[in-house]
Amino acid sequence: MSGGRQTAEDRRVWPSFLSGWIAGVVNISSTFPINKIIFRQQIDSVQFYVAFKQIHKEGLHMLYRGIALPLCQKSLQVGLMYGFFETYYKLLPDNGMSDAQRTIYAATLTGISEAIIATPFERGQSLLQTPAFHGKIKNTLDLRHHLKSMRQWYCGLSAILIRNCSTNCLFFLLRNPLREALPSVDTKRGKFAVDFVCGACLGGVNSTLIYPVNVVKSYQQKQIALGPESFATSCKKVLIERDYKLRKLYYGVQLNFTRALLSWGIINATYELCMYPFQRIQPYSGRIT
């Protein structure tokens, strides 16, 4: 951070919230069918072709069933991720704190904030995509008749906290070094491509490392009658269901990796593109100048 005082424009963070939200909308609209296949593989522990046949048999009219919640949740989550990170990073004191420490603290606080706000959306999305509830839960609005307490809405919170905090730290710590390692370009198309590759690489690695946590989260959130249960207990049940075989725990990881490459490439490139009109407001660079 430079020695000069921050101006009002330097402190503004709403462009990050807005740009992140737009990036989330573009992403989920493009990748929802892929996400649906991955979810089926996670909850049913089946191969790709089995999940694909299930969804194909249900018909085109069911393909985008449940998109309202992930559209709201993902766009909100991405907007919160970029916006809250900028906010927390700028609020944290830099006296005696390294840039990496500020990044970790800001990313962790961002992950907690995201989880508190977005977990109910993920919970509803999981139920709407679970085949067992296709005849029981009519639509998004009908969820309120089945999830009647805060505890039910926030089922899976511990897994989401682990996922959000760890992936945010890796993303924001490595994003700038990776971007600097890629070829320098001056054209808009070239910059868009670099931002896409940067986001795709980080998203692919993050999603693969955290995949087992998402499997446990999906297991917790696919049920309504599930009582209070710790993350460790759910992990044990998932392992028992999969005969303690790591291969079964990673069903869907290949498609998930492909989806993450595409999703985070779109998110990161779209975010930077949307931030272009706000050049005087620095998009995240690891430090405030």
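Y211 counts as buried because its relative accessibility is 0%, where buried means under 20% relative accessible area, exposed over 50% and partly exposed in between, with a 1.4 Å probe and protein chains only. Y250, at 24%, therefore counts as partly exposed. This is a predicted model, in which local features need pLDDT of at least 70 and side-chain atom pairs count only at pLDDT 80 or more, while totals for chains, interfaces and linings use all residues. Residues are numbered from 1 along each chain as its sequence is written, and side-chain values use heavy atoms, leaving out hydrogens and water.

Let me turn to the aromatic pairs. The structure holds 11 of them; rings of Phe, Tyr and Trp (its six-membered ring) pair if their centres lie within 6.5 Å, and planes under 30 degrees apart count as stacked, over 60 as edge-to-face and the rest as tilted. Y82 and F171 form an edge-to-face pair, 6.4 Å centre to centre with 80 degrees between the planes. This pair links helix α4, which holds Y82, to helix α7, which holds F171, across 89 residues; helices here are DSSP runs (H or I, at least four residues), numbered from the N terminus. Both Y82 and F171 are buried. Y211 and Y250, by contrast, are stacked, at 5.9 Å centre to centre and 20 degrees between the planes.

Finally, the core. Among the 19 residues of the largest nonpolar core, M81, Y82, F85, F171, F172 and I267 touch the most other members; such a core is a set of buried Ala, Val, Leu, Ile, Met, Phe, Trp, Tyr and Cys residues joined through side-chain atoms within 4.5 Å. Helix α4 gives the most to this core, with five residues.

Note on methods. Helices (H or I, at least four residues) and strands (E, at least two) are DSSP runs, numbered from the N terminus.
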